[in-house]
Amino acid sequence: MQVELVQAQSSTSDKVSAEYTNPLILQRADPWVYKHTDGYYYFTASVPEFDRLEIRRSKTIEGLKKAEPKVIWRKHDEGIMGAHIWAPELHHINGKWYMYFAAGSTEDIWAIRMYVLENEAANPMKGEWVEKGETKTQWDTFSLDATTFEHRGTRYMVWAQHPPDFDGNTALYIAEMDTPWSIKQPQVELTRPEYEWEEQLFKVNEGAAVIKRNDKIFMTYSASGTNHNYKVGLLTADEDADLMDPDAWKKSKEPVFSSSEENEIYGPGHNSFTTTPDESTDLMIYHARSYKEIEGDPLNDPNRHTRVQVIKWNEDGTPEFGIPQPDNASTDPSGR
């Protein structure tokens, strides 16, 4: 019976896979999709110019491809929030919309910190977005990629930050939130780069995303530099565990999602999770390039495209991400 169930789920997943064209959205890195109770999928991501925040929506995932983006906020001309507008995430909390994002300043574009916007409108593409300010952490250091999730009445934030004692780039931290734009101490380190696959080009753990299934909490994260070495790792905790205890999280020793030479998809990472409209199938929305070789700094290459991957579930309740599926549509305007 169990085997029949797994086979049925696999058949459904294969059918769902065929419903999406990849890449889904061109030149949109760090993609975030939020499936709301109003029946819409809301999409936001880093734009190649790193200068603005935008949202688009559709009743279907595939419809996001042609949905008209609405710019909701632009970078400041001076001071903080004036450069490197990165990795936005849209969440609906206590009846309001919140946009989490990272930004540098005009004086120091690498002084990346985390910021939050708030909107009381029912439709986040309307209404007024109000700046709630910086999310302060234990240290005033490079920090980005804030995500948030709720578990058993407590809301948590997870983010990437450079710890002062680390001869590397970023580690992942978790803290409880006291408002939708602020955390309370202590903050706890969940993982820092320690394996070779996490230390290629740069020593990086970043871009966390959470999915809860099968009495477990699964947290993906991305590691290494943003070229073909970029990969996805996994942390796992029991739903009954103390999520503020780093020992409650088990870290995968190997990446769970990485480049596919066979399918010519390179540097997959910084994903979000959503489901099909009937919630029968889990989907991973991620970015990757369709070529391996990059000239210069990978951050200056705009062709990290948003893609869709169907998640299958193993008999032991763990996610099976598989390998990045090949492009089945033209890749990008440059023809690469």
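In what order do the four strands of the open sheet stand, and is their pairing parallel or antiparallel? The order is E14-E15-E16-E17, and the pairing is antiparallel. Here helices (H or I, at least four residues) and strands (E, at least two) are DSSP runs, numbered from the N terminus. Two strands count as paired if DSSP finds at least two bridges between them.

Before we go on, note that this is a predicted model, in which local features need pLDDT of at least 70 and side-chain atom pairs count only at pLDDT 80 or more, while totals for chains, interfaces and linings use all residues. Residues are numbered from 1 along each chain as its sequence is written, and side-chain values use heavy atoms, with hydrogens and water left out.

**The open sheet and its edges**

Strands of a sheet pair through backbone hydrogen bonds, either parallel or antiparallel. Strand E14 (205–213) and strand E17 (250–251) are the edge strands, each pairing on one side only. Across from lysine 250 in E17 you will find threonine 236.

Now look at strand E19 (residues 282–289), where eight of the eight residues are buried, meaning under 20% relative accessible area with a 1.4 Å probe and protein chains only (exposed is over 50%, partly exposed in between). On one side lie Asp282, Met284, Tyr286 and Ala288, and on the other Leu283, Ile285, His287 and Arg289. E18 and E19 make a hairpin with six residues between them, and glutamate 279 in the turn has a positive phi of about 65°.

| Strand pair | Bridges |
|---|---|
| E16 (residues 231–238) and E17 | two bridges |
| E18 (residues 266–275) and E19 | six bridges |
| E19 and E20 (residues 305–313) | seven bridges |

Within these pairings, phenylalanine 273 stands opposite methionine 284 in E19, and tyrosine 286 has arginine 307 in E20 as its bridge partner.

**The nonpolar cores**

In soluble globular proteins, nonpolar side chains tend to be buried together. A nonpolar core is a set of buried Ala, Val, Leu, Ile, Met, Phe, Trp, Tyr and Cys residues joined through side-chain atoms within 4.5 Å. The largest one has 25 residues, and Trp86, Ile174, Met219, Leu243 and Trp249 touch the most other members. Elements giving two or more residues to this core include E5 (80–93), E9 (143–151) and E15 (216–223). E15 provides the largest share, four residues. Apart from this core lies another of 18 residues, among them Ile55, Met81, Trp97 and Ala103.
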